[in-house]
Amino acid sequence: MDWFPLYNSLRIALVSTVIVFFAGIGGAYYAAKVPRAVKGILDVVLTLPLVLPPTVVGYLLLLVLGPKRVIGAWALEAFGARLTMQWWSAVFATVVVTFPLVYRTARGAFEAFDETLAQAAWTLGLGGTYIFWRIRMPVCRQGILAGTVLAFARALGEYGATAMVAGYTPGRTATISTTVYQLWRTNEDGLALRWVLVNLSISAVVLMAVNLLERPGKVGRP
């Protein structure tokens, strides 16, 4: 049994999770501070990939990253790098698909934060960076971490957008999801079932982690 799909899925999920962790926190932090009308527009734009079919997300990415499109053609000409049909092409897809999970949970956590804690820190002469990382983030950590773990799980099991942007090449771009589909197409049900069980096991562990992170706690107390 070739374990490359597991390795590739894990590295894609890890890289994309790191990216959406910081991008989601940044987007949520500033979205929580803007006026309601602007926040509504931002919510629609930043959360749209969560409700779009993954194949639609993949198609839109191909319109941007394809070798004959503006960004894709520029990267190919300037750096000789093809932005599609590589293992890391799947990172683009998983980042877009999973970003809303971190953004929504982080925004909810920031909006529930007791701002008197930050105001008290300001009166003590503490800087904004210190307040954010040492006060705000610890208080909001449960919601943010739960969203991050869910984003990892979603990235690990992503198929539609990943298949369109990265394709399926054994030993190069194959992931667990695309491997299951290809094995099913070739009537190799035994191997397909093994990969399904692997994915189920990882997903069960992830859901257990989310449940632990969502234990009841008091908002406003680190």
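**Burial and helix packing in a predicted model**

Me: What makes Arg107 count as buried?
Reply: Arg107 has a relative accessible area of 13%, and buried means under 20%, with exposed over 50% and partly exposed in between (1.4 Å probe, protein chains only). Because 13% falls under that cut-off, Arg107 is buried. A word on the source: this is a predicted model, where local features need pLDDT of at least 70, side-chain atom pairs count only at pLDDT 80 or more, and totals for chains, interfaces and linings use all residues. Residues are numbered from 1 along each chain as its sequence is written, and side-chain values use heavy atoms, leaving out hydrogens and water.

Me: Where does Arg107 lie, and which residues does Arg107 contact?
Reply: Arg107 lies in helix α5 (residues 89-111); helices are DSSP runs of H or I, at least four residues, numbered from the N terminus. Setting aside neighbours within four places in sequence, Arg107 is in contact (heavy atoms within 4.5 Å) with Ala28, Ala31, Ala32, Lys39 and Asp43.

Me: Why is α6 called roughly antiparallel to α7?
Reply: Helix α6 (residues 115-123) packs against helix α7 (residues 128-157) at about 150°, with axes 10 Å apart. Angles run from 0 to 180 degrees between N-to-C directions of axes fitted to C-alpha atoms over the stretch in contact. Under 35 degrees is roughly parallel, over 145 roughly antiparallel, 65 to 115 roughly perpendicular and the rest oblique, so α6 is roughly antiparallel to α7.

Me: Which residues make that contact?
Reply: Glu115, Leu117, Ala118, Ala121 and Trp122 of α6 meet Gly128, Ile131, Ile135, Arg136 and Val139 of α7.

Notes:
Helices (H or I, at least four residues) and strands (E, at least two) are DSSP runs, numbered from the N terminus.
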